Amino acid sequence: MKASFLVLAAALAMAAGGAAQAAASSRLDRIQSTGEIAIGTRDAAIPFSYLDDHQKSVGYAMDICAGIADALKKKLGLPAIRIKEVPVTGSTRIPLIANGTIDLSCGPDTNNVQRQQQVDFAPATFVSATHFASLKQSNLHHLSDFRGKTVISVSGSTNLKWLTEINAKDRLGMRIITASDHAEAFLAVANGRASAFFMDGILLAGLVANAHDPKAWSISKDAYTFEPYGIIEPKNDPRFKQAVDDAVKAMIADGQVEKLYVKWFTQPIPPKGVNLNWPMTPELKKLLANPTDSPEPEVLKQD
């Protein structure tokens, strides 16, 4: 009896020790030992993360991630930190965070309750909503105009999930097809394979602004969802999350995020020097004044 108790106690002690060791392990340790951080990048998510005319990754989220990397370099006492860029899509970004291939996803990443079961998010640095882009000649203005039509969205996006649900709920009879990225979906509308592309309004604005004939396109005035964006972080790594969140909060507090917003949303950007003319919304101003990683920020529910 006594021997059995001792064996059980020893087993519990070993389990507790293993759990403590796992909890203490962090991506910060690997970054410190290798001097490298891996980030997920997109190729056509203008103006958050995309390739310019020199095939260089640029954008608002890319600049924020560069600021995070610089803050981690200082925190860890590294002489330098290498940023390894890994191309991701809407479908692969979360699995690649989860399996350790990337440490951060730096793009237009919506923070919602469902995703928070798999990953964490840094404080929000943008707010968007689902809209649709269509050719003006199609004369499409409201959701009811799409009964029986073919529409498109991107695999793994919150927009696709919403579109599928509303199609069933309102019995619209839409045929929903998917694309692997924004450029593919936009092209599907341009060549007539789909009537409209449902995506976050700011991403549609970037695609339309850089289209061959921007005046041929229309973006819906109706907005259908609330989409707070934040840099995606790995789940269950409190030390790493704290370091990343502190870096983002510091960039918000000293005005860097606001300057980056002006740079990417209200001034000419590569590759064509187009100005998106997308002023900061009141909702984003509230979130920057009260940084939060909540998918449903309380500050936006207040009058």
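## A guided tour, starting from a buried cysteine

Begin by selecting Cys 106, which is buried, with a relative accessible area of 1%. The model in your viewer is a predicted one, and residues are counted from 1 along the chain.

If you colour the chain by secondary structure, you will find Cys 65 in helix α3 and Cys 106 in the loop between β6 (104-105) and β7 (119-121), so that the link spans distant parts of the chain, 41 residues apart. Cys 65 is buried as well, with a relative accessible area of 2%.

**Aromatic rings**

Next, show the side chains of the aromatic residues, among which the structure holds 17 aromatic pairs. Select Phe 48 and Tyr 60, whose rings form an edge-to-face pair, 6.1 Å from centre to centre and with 70 degrees between the planes. Phe 48 sits in the loop between β2 (44-45) and β3 (49-51), while Tyr 60 belongs to helix α3 (residues 60-76), and the two are 12 residues apart. Both Phe 48 and Tyr 60 are buried.

Now move to Phe 126 and Tyr 261, which form a stacked pair, with their centres 6.2 Å apart and 20 degrees between the planes. Phe 126 lies in strand β8 (residues 126-128) and Tyr 261 in helix α9 (residues 256-265), so this pair ties together parts that are 135 residues apart in sequence. Phe 126 is buried, at a relative accessible area of 2%, and Tyr 261, at 3% relative accessibility, also counts as buried.

To see how these two pairs belong together, select Phe 48, Tyr 60, Phe 126, Tyr 229, Tyr 261 and Phe 265, which form one aromatic cluster.

**The sheet of five strands**

Switch to a cartoon view and find the open sheet of 5 strands, whose order is β11-β10-β12-β9-β13 and whose pairing is mixed. At its edges stand β11 (175-179) and β13 (217-219), each with a single partner strand, so one side of each is left without a neighbour in the sheet. Looking across the sheet, you can follow a twist that averages 30 degrees from one strand to the next.

Within this sheet, select strand β10 (residues 150-154) and strand β12 (residues 196-200), which pair in the parallel sense over 2 bridges; here Ile 152 has Phe 197, in β12, as its bridge partner.

For the last stop, go to the open sheet of 3 strands, which has the order β2-β3-β4 and antiparallel pairing. Its edge strands are β2 and β4 (57-58), each of which pairs on one side only. Between β2 and β3, which run antiparallel, there are 2 bridges, and by selecting Ala 44 you can see that it stands opposite Tyr 50 in β3.

Technical notes:
Predicted model: local features only at pLDDT ≥ 70, side-chain atom pairs only at ≥ 80, totals over all residues. Heavy atoms only, no water. Phe/Tyr/Trp six-rings, centres within 6.5 Å; stacked < 30°, edge-to-face > 60°. Helix = DSSP H or I, 4+ residues; strand = E, 2+ residues; numbered from the N terminus. Buried < 20%, exposed > 50% of the residue type's maximum accessible area, 1.4 Å probe, protein only. Pairing = 2+ DSSP bridges. Axes fitted to C-alpha atoms, helices over the stretch in contact; angles between N-to-C directions.
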